[in-house]
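Biologist: Please show me how to read the packing and pairing features of a model.

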Amino acid sequence: MTIAKIHNNLRNHFKTAVVDASSNLASTDIAWDNVAFNAHKASDGGAWCRLQILTGESEGLSLGSTAIRAQGIMLASIFTPAEQGDKLALDIAGEITSACNSTTITLAGNTTILRTPSVNPVGRDGAWYQINISVPFQSDHAN
């Protein structure tokens with residue numbers, strides 16, 4: 001599996017298991033890597049989420065083989081208006097952790113394994129309150 005296929009696997013899973021199933025997020029509320037995004041205004045009262053796929057170190061699966069295990073973190077950053085409490089952000093974090101907890105996803109024969117997510121409140125920055133969800137992943141036979 002190529003690195004591009006891993007990214008596509010993760011993006012597809014996030015779209016179908018989180019965004020399409022969420023009562024709190026719509027497809028226009030997601031900032032995907034290197035895709036135009038209409039910035040939200042905190043005064044609108046809604047939430048938005050930035051999804052990043054951060055590939056990490058890879059390792060060979062066996063001596064003399066070109067097959068590798070790619071590892072990384074899928075990072076979802078949730079932004080909700082400041083001074084409105086953390087309920088909406090925590091509800092969205094719950095949707096993401098439920099959809100990604102210890103899950104194996106397969107798309108077009110390519111498999112990526114998601115491990116246990118971590119929820120990390122970042123806090124307030126200007127008009128926004130932020131929570132990050134880190135989901136470690138791995139995929140074998142990447143090249």
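**Salt bridges and helix packing**

Modeller: The structure holds 4 salt bridges, a salt bridge being a side-chain nitrogen of Lys or Arg within 4 Å of a carboxyl oxygen of Asp or Glu. This is a predicted model, in which local features need pLDDT of at least 70 and side-chain atom pairs count only at pLDDT 80 or more, while totals for chains, interfaces and linings use all residues. Residues are numbered from 1 along each chain as its sequence is written, and side-chain values use heavy atoms, with hydrogens and water left out.

Biologist: How many residues apart are Asp 91 and Lys 87?

Modeller: Asp 91 and Lys 87 are 4 residues apart, about one turn of helix α2, in which both lie. Their side chains meet in a salt bridge, N to O 2.7 Å. Lys 87 is exposed at 57%, whereas Asp 91 is partly exposed at 32%. Another salt bridge joins Asp 20 to Lys 15, with 3.1 Å from N to O. Here Asp 20 is partly exposed at 48%, and Lys 15 is partly exposed at 37%.

Biologist: At roughly what angle do the axes of helix α1 and helix α2 cross?

Modeller: Two packed helices are described by the angle between their axes and the distance between the axes. The axes of α1 (residues 3-19) and α2 (residues 87-100) come within 9 Å and cross at roughly 120 degrees. That makes α1 oblique to α2. Axes are lines fitted to C-alpha atoms, for helices over the stretch in contact, and angles run from 0 to 180 degrees between N-to-C directions. Angles under 35 degrees count as roughly parallel, over 145 as roughly antiparallel, 65 to 115 as roughly perpendicular and the rest as oblique.

Biologist: Which residues of α1 meet α2?

Modeller: His 13, Phe 14, Ala 17 and Val 18 in α1 meet Ile 96, Ala 99 and Cys 100 in α2, contact meaning heavy atoms within 4.5 Å. Ala 17 is partly exposed, at 27% relative accessibility.

Biologist: What does Ser 134 touch?

Modeller: Leaving out residues up to four places away in sequence, Ser 134 touches Ile 73, Met 74, Leu 75, Thr 116, Pro 117, Ser 118 and Asn 120. Ser 134 belongs to strand β7 and is buried, at 18% relative accessibility.

Biologist: Where is Asn 34 found?

Modeller: Asn 34 is in the loop between β1 (30-31) and β2 (48-60). Its phi is near 55 degrees, a positive value in a residue other than glycine. At 82% relative accessibility, Asn 34 is exposed.

Methods. Helices (H or I, at least four residues) and strands (E, at least two) are DSSP runs, numbered from the N terminus. Buried means under 20% relative accessible area, exposed over 50%, partly exposed in between (1.4 Å probe, protein chains only).
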